[in-house]
Amino acid sequence: MKTKLTELLKIEYPVMLAGMGGVSYSAVTAAVSNAGGYGCLGASTMTSEQLASEIAATRSLTSKPFGVDLLTAFPNDLLRNVELLIEGGATTFVAGLGVPRQVIDLCHQHHVLVISMCGKVEHARRALDAGCDVVVAQGTEAGGHTGTVATFPLVPLIVDALDGAIPVVAAGGIFDGRGLAASLALGADGVWVGTRFIATPEARAVPGFKEGILESREDGTVISRAYTGKTMRVLRNEKTDLYEATPSLLKPFPDQLGVSLSDGTFHLGGDANTPGVDPEREGYPAGQAVGAISTLIPAGDIVRGMVAEAEQIIATLAKS
Ligand SMILES: Cc1cc2nc3c(=O)[nH]c(=O)nc-3n(C[C@H](O)[C@H](O)[C@H](O)COP(=O)(O)O)c2cc1C
C-alpha cells in the first residue's frame, strides 16, 4: 500500500501511531514501526532525560523509522528536546499544538521532517506556509486535545486547501481498515491512530485506563476543560461531570493543569504501577473509537489488520 506518505517516511504501510503523551513510549512505538507502520513517541509527559532514554530504547527495539511528538505549548524545553530527537535519530518532529516556526529550519538542516497537528483548514495553511512537510487533519472525534470539526468534513477540506503540496494524514475516530480505506477515499495519504493503540499490551497506561477504554461505549467520552484548561476529549467521569455542571470553577490553561496535578487527578507520565489513581476522577484522554474497542490486541496486529482489511475493501469496490 504505497502513498505519498509511505514514500516520504520510507515505511511500508500508511498507518501512524499517534504520539500520545503518557501512552506512546518505546514499546508500542517500536512495535508499530516493526510492523511496517510509523511509530511516534509521545514526549509531552517526558523530561528531556526520559526523552533521550526512550529514544535510545526505541532504537534498541527497531531499526525502522520513528518520530517524536512534543507539545509546543511548553516552549521552554522545545529547542533542547528537538536537538535530542535529532541526535537520537528520529526522522520526524510532530508539533502537537501550534506551528513550531522556531525549529523548522533546524530540523530540515538535519533531514528531520516536521509534522503539524491541525484541527482547521486555517491551521493547515499556516503549517504549509511555515514549511511543514506533513499535516495531520485531526477531527473532533479524536482523543486528547481536540477541536470542533469532525474528521469527515475536515480531511477533504484540508486536502483541497493544500492541493497536493504536502501529504495530509487523517486522524480522529479511526480504528480499523474501514477507517483507513475511508481516509484514503477522502484524499488522505495515511492515518494517525491514537485510541485504538492504547488498548494494546505494549502501550503504557496508568491503572484503569485500558479497562476504561474496553468498557466505554461510543458516547462514553466528553470534551472537557477539566484537566488542562484546554478542550480535551476524555472518558466521562465524576470530575468531568462536576466541571460540566459548574464551569465557573475552571481556570485557564495551564493553571487548570496545575489544579489537576495538585488534586491528584492527572498522573502525567505514570504507568501501570502508579498509586492513587481513581478512575472516577482521573483524566483518561480517549476518542469516540472507544465504542469499537473491546479487547487488547498487539500493536503490530492492529497495523497489519487495518491494512489487510483496507486492501480488501478497496479491491471489492474496484470490482463492483
Ligand atoms: C491518551 C492520549 C494522549 C494524547 N497526547 C497527545 C500529545 O501529547 N500530543 C499530540 O499531538 N496529540 C496527542 N493526542 C492526540 C493524538 O495525537 C491523536 O490525534 C488522536 O488520538 C487521534 O484520534 P483517535 O484517538 O480517535 O485515534 C493524544 C491522544 C490521546 C488519546
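Is Asp163 buried or exposed? Asp163 is exposed, because its relative accessible area is 67%; the classes used here are buried for under 20% relative accessible area, exposed for over 50%, and partly exposed in between, with a 1.4 Å probe and protein chains only. The structure is a predicted model, in which local features need pLDDT of at least 70 and side-chain atom pairs count only at pLDDT 80 or more, while totals for chains, interfaces and linings use all residues. Residues are numbered from 1 along each chain as its sequence is written, and side-chain values use heavy atoms, with hydrogens and water left out.

Asp163 is located in the loop between helix 7 (151-162) and strand 8. Helices (H or I, at least four residues) and strands (E, at least two) are DSSP runs numbered from the N terminus. The phi of Asp163 is positive, about 50 degrees, although Asp163 is not a glycine. Another non-glycine residue with a positive phi is Lys10, with a value near 60 degrees. Lys10 belongs to the loop between helix 1 (4-9) and strand 1 (15-17), and it counts as exposed because its relative accessibility is 67%. Leaving out residues up to four places away in sequence, Lys10 touches Leu5 and Pro65, where contact means heavy atoms within 4.5 Å. Lys10 and Pro65 are 55 residues apart in sequence, yet their C-alpha atoms are 7.4 Å apart in space.

Two further loops were examined. Asp176 sits in the loop between strand 8 (168-171) and helix 8 (177-185). Asp176 is buried, since its relative accessible area is 12%. Apart from neighbours within four places in sequence, Asp176 is in contact with Met306 and Glu309. Pro254 is in the loop between helix 11 (238-245) and helix 12 (255-262). The peptide bond that joins Phe253 and Pro254 is cis, with omega about 0 degrees.

Helix 2 is largely enclosed by the rest of the structure, because 7 of its 9 residues are buried. The buried residues are Ser26, Val28, Thr29, Ala30, Ala31, Val32 and Ser33. They pack against strand 1, strand 2 (39-42), helix 3, strand 3, helix 9 and helix 13 (299-319). Thr29 lies in this helix, which spans residues 26-34, and counts as buried because its relative accessibility is 0%. Not counting residues up to four places away in sequence, the contacts of Thr29 are Leu17, Ser24, Gly39, Cys40, Leu41, Thr58 and Phe66. Just after helix 2, Gly36 has a positive phi of about 105 degrees.

In helix 4 (residues 78-88), the buried residues are Leu78, Asn81, Val82, Leu84, Leu85, Ile86 and Gly88. An α-helix has 3.6 residues a turn, so residues three or four places apart point the same way. The buried residues of helix 4 pack against helix 3 (48-61), strand 3 (66-70), strand 4 (92-95) and helix 5 (101-109). Gly89 follows helix 4 and has a positive phi, near 100 degrees.

A search of the whole structure finds 0 disulfides, a disulfide being a pair of cysteine sulfur atoms within 2.5 Å. Cys40 is in no disulfide, and the nearest cysteine sulfur, that of Cys107, is 12 Å away. Cys40 counts as buried because its relative accessibility is 0%. Cys107 is likewise in no disulfide; the nearest cysteine sulfur to it, that of Cys132, is 9.4 Å away. Cys107 also counts as buried, because its relative accessibility is 0%.

The ligand has 24 residues around it, of which Asp69, Gln138, Gly173, Gly194 and Thr195 come nearest; a residue is near a molecule if one of its heavy atoms lies within 4 Å of it. The shell divides into 11 nonpolar, 11 polar and 2 charged residues. In this division Ala, Val, Leu, Ile, Met, Phe, Trp, Tyr, Cys and Pro count as nonpolar, Asp, Glu, Lys and Arg as charged, and the others, Gly among them, as polar. Strand 9 (190-193) and helix 9 (195-198) each supply at least two residues of the shell. A nitrogen atom of the ligand lies 3.0 Å from a backbone N or O atom of Gly21. A side-chain N or O atom of Asp69 is 2.8 Å from an oxygen atom of the ligand, and a side-chain N or O atom of Thr195 is 2.6 Å from an oxygen atom of the ligand. Taken alone, the ligand exposes 600 Å², and the protein buries 95% of that area, with accessible areas taken from the Shrake-Rupley method with a 1.4 Å probe.

Methods. Polar contact = N/O pair within 3.5 Å; in protein donor to acceptor, adjacent residues only side chain to side chain.
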